[in-house]
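Thanks for coming. I will keep this short, so please have the sequence and the model in view.

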Amino acid sequence: MHRLFQRLNALIIAVALCSATGAHWVILQSVAWAGMLATYAHDRPLTQAVAETFDGEHPCDLCLVIADGKTKEQKQKGPADSAPAIKKLVGCLTLAGEIPAPKCVRFDHPREEMRGSMRLETPPFPPPRIG
């Protein structure tokens, strides 16, 4: 059960990070390009299919939706919010400079007489068997 929660937390963090950095658009665009390449390769040579996939002149429906979503997202953010992840990172780095360094604590090792006594008898040979 504990392992399930760890994996769920990792998944939630990964999705949040992808969303915050805009990686979801990259993933969707990669899926669109793979679909376009597979579709175009059915009736064209592979070199022509690759060229038409990445030339930008033959967008598929998913490519159009992705482009529309990107433009809407940019309009919602506005010019002041163009790089919120970078601003947060710079803020964290600035705060990191203000955190005091940890203090060193001296650890005294136990003296020789405080350690356990040494065994004077030798272990039995051959070693005893269990059972």
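Leaving aside its neighbours within four places in sequence, which residues is Gln29 in contact with? This is a predicted model, so to speak, and everything I say is read from that prediction. The answer is Cys63 and Ile66, once sequence neighbours within four places are set aside. Gln29 itself sits in helix α2, which runs over residues 23-43. Its relative accessible area is 13%, and Gln29 is therefore buried, the cut-off being under 20%.

Now to one of those partners. Cys63 is buried as well, with a relative accessible area of 12%. The closest cysteine sulfur to that of Cys63 belongs to Cys60, at 3.4 Å. For anyone new to the term, a disulfide is a covalent bond between the sulfur atoms of two cysteines. Searching the whole structure turns up zero disulfides.

Next, helix α1. It covers residues 2-21, which is 20 residues. At 1.5 Å a residue, α1 should span 28 Å, and its end C-alpha atoms lie 29 Å apart, so the two agree. How many of the 20 residues of α1 are buried? The count is zero, so α1 is hardly covered, given that buried means under 20% relative accessible area. After α1 comes Gly22, and its phi is positive, near 85°.

Conventions: Residues are numbered from 1 along each chain as its sequence is written. This is a predicted model: local features need pLDDT of at least 70, side-chain atom pairs count only at pLDDT 80 or more; totals for chains, interfaces and linings use all residues. Side-chain values use heavy atoms; hydrogens and water are left out. Helices (H or I, at least four residues) and strands (E, at least two) are DSSP runs, numbered from the N terminus. Buried means under 20% relative accessible area, exposed over 50%, partly exposed in between (1.4 Å probe, protein chains only). Contact means heavy atoms within 4.5 Å. A disulfide is a pair of cysteine sulfur atoms within 2.5 Å. The expected span of a helix is 1.5 Å times one less than its number of residues.
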